[in-house]
Amino acid sequence: MEVVIIEKKAFEALLADVATLMEKVNVLSRKCNDRRLSNWLDGEDVCRMLRISPRTLQTLRDNRLIACSQINRKFFYKPEEVERILPLVGCYRPKNET
């Protein structure tokens, strides 16, 4: 077993730096908490919720009416964004649907 001896001041400074680093990591973790994929909806979920086709959802994306994030070839949407767009999708639904 290897033993390393350091001064008390150096050890306390190291502990303080580790505590500061841990706090910064916790702050970043809280900021990024909403970016977790588990909170986001995929295109199929959004189409089902809004009762629109995948092509209509693509049109909404192309016209920048709904914000999304793309990972590889799959698009993801925040639930708040789907709620925001809900009143606007009526004009995109087929006429025979009520």
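Strands here are DSSP runs of E at least two residues long, and helices are runs of H or I of at least four, numbered from the N terminus; two strands pair if DSSP finds at least two bridges between them. You're looking at a predicted model, where local features need pLDDT of at least 70, side-chain atom pairs count only at pLDDT 80 or more, and totals for chains, interfaces and linings use all residues. Residues are numbered from 1 along each chain as its sequence is written, and side-chain values use heavy atoms, with hydrogens and water left out.

**Stop 1: the sheet.** Select the three strands: they make an open antiparallel sheet in the order β1-β3-β2. β1 (41–42) and β2 (69–71) sit at the edges with a single partner strand each, so one side of each lacks a neighbour in the sheet.

**Stop 2: β1 against β3.** Now pick β3 (residues 74–77), which pairs antiparallel with β1 over 2 bridges. Aspartate 42 has phenylalanine 76 of β3 as its bridge partner, and leucine 41 faces tyrosine 77.

**Stop 3: the hairpin.** Serine 69 stands opposite phenylalanine 76. The two strands form a hairpin with 2 residues between them, and asparagine 72 in the turn shows a positive phi of about 55°.

**Stop 4: the core.** Go back to Leu41 and show its contacts (heavy atoms within 4.5 Å): leaving out residues up to four places away in sequence, they include Val46, Tyr77 and Val82. Those residues, with Leu41, are among the 12 of the largest nonpolar core, a set of buried (under 20% relative accessible area, 1.4 Å probe, protein chains only) Ala, Val, Leu, Ile, Met, Phe, Trp, Tyr and Cys residues joined through side-chain atoms within 4.5 Å. Finish on α2 (43–50), which gives the most to this core, 3 residues.

Note on methods:
Buried means under 20% relative accessible area, exposed over 50%, partly exposed in between (1.4 Å probe, protein chains only).
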